[in-house]
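Please read it alongside the sequence and the model.

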Amino acid sequence: MDDVPNGLTDEEILKRAEEIKKAEELKKAEELKRAEEIRLAEEAKKAEELRKAEELKKAEELKKAEALVKEDHARKAAAEEAARKAAEKDAKPKKSHKGLKIFGIILLLIIIFAGFVLISADVTITAGTDKTYGYDTTYNVWIPLDKELNIGGYKVIALSPSSGGSMMISLGGVTYPLSVNSVTNVPDQVGTLTIFWGKVTVMKVQYEVALTYLGNTNNNEAAFKMLISSDRQLPEFPISLFLSSSGVKVQSV
């Protein structure tokens with residue numbers, strides 16, 4: 001071939017074109033390799049996420065099973081204790097004594113008075129201010145789904161998932177999304193316990209609540225761990241009585 005003046009020969013042009021073609025093919029091969037590496041990394045990430053989700057699910061199922069076994073043992077122990085006390089009571093000889101009659105009358109009066117106190121007891125909840133708390137109390141609670149509860153004037157609704165939706169809870173008119181082990185905080189509040197239909201104030205306490213969602217039960221309930229942080233020590237009995245009377249199942253931890 002003849003040389004082209006001030007240019008490349010045909011042979012050099014063909015050689016240059018071949019080099020450009022090979023460079024482009026190499027670039028495409030590298031891009032395909034990089035895309036494959038990215039795809040494999042994404043698949044590995046998804047597999048790891050699925051594995052962790054499965055482990056979490058198994059841990060939650062194990063925890064629930066252990067809780068059921070614990071409750072069953074407690075029930076059996078309570079039944080055995082009740083049977084033992086009944087047997088001891090039947091084995092004791094009956095005595096007739098005037099002092100026992102007087103004691104029975106006094107006890108009856110105390111029970112009647114306590115009944116009036118319990119019937120007339122009420123708790124009202126109002127907003128509180130930011131405060132540092134020194135006492136923590138933990139309970140397990142079960143809230144019925146799709147039912148509005150009035151807890152001392154504070155509205156609570158656990159909303160079951162609609163089609164394609166997620167679990168939610170409405171606290172005092174504010175709705176929060178829920179996922180297992182997520183924590184929902186109820187801001188500072190003041191609870192006032194009164195008896196005799198609001199005539200006598202027994203206790204006033206400021207507190208805040210952290211609710212950890214544990215999942216739903218087969219009884220159409222939402223299960224939570226409830227941490228109450230308060231400015232004074234809270235007795236267990238009135239808390240359990242108050243929550244139970246509001247429609248919430250409660251168990252101290």
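A salt bridge is taken here as a side-chain nitrogen of Lys or Arg within 4 Å of a carboxyl oxygen of Asp or Glu. The model is a predicted one, in which local features need pLDDT of at least 70 and side-chain atom pairs count only at pLDDT 80 or more, while totals for chains, interfaces and linings use all residues. Residues are numbered from 1 along each chain as its sequence is written, and side-chain values use heavy atoms, with hydrogens and water left out.

By that criterion, Lys155 forms a salt bridge with Glu148, and their closest N and O atoms are 3.6 Å apart. Lys155 counts as partly exposed because its relative accessibility is 35%, the class lying between buried (under 20% relative accessible area) and exposed (over 50%), with a 1.4 Å probe and protein chains only.

A search of the whole structure finds 10 salt bridges.

| Salt bridge | Distance, N to O |
|---|---|
| Arg39 and Glu36 | 2.4 Å |
| Arg51 and Glu55 | 2.3 Å |

Arg39 and Glu36 both lie in helix α1, 3 residues apart, which is about one turn of the helix; helices are DSSP runs (H or I, at least four residues) and strands likewise (E, at least two), numbered from the N terminus. Arg39 is partly exposed at a relative accessible area of 36%, and Glu36 is partly exposed at 34%.

Arg51 is partly exposed, with 38% relative accessibility, and Glu55 is partly exposed, with a relative accessible area of 44%.

Helix α1 spans residues 10-91 and includes Glu19, which is partly exposed at 43% relative accessibility. On the surface, Glu18, Glu19, Glu24 and Glu25 gather in a patch of negative charge; such patches consist of residues with over 30% relative accessible area and no salt bridge, like charges being joined within 9 Å, and Asp and Glu count as negative.

Elsewhere, strand β5 (residues 168-171) and strand β6 (residues 174-177) pair in the antiparallel sense over 4 bridges, where pairing requires that DSSP find at least two bridges between two strands. Ser170 stands opposite Thr175 in β6. The two strands, β5 and β6, form a hairpin with 2 residues between them, and Gly172 in the turn has a positive phi of about 60°.

Terms used. Patches are made of residues with over 30% relative accessible area and no salt bridge: like charges are joined within 9 Å, nonpolar side chains (Val, Leu, Ile, Met, Phe, Trp, Tyr) within 5 Å. Accessible areas come from the Shrake-Rupley method with a 1.4 Å probe; for residues, only the protein chains shown count as cover. The place of a charge is taken as NZ of Lys, CZ of Arg, CG of Asp or CD of Glu.
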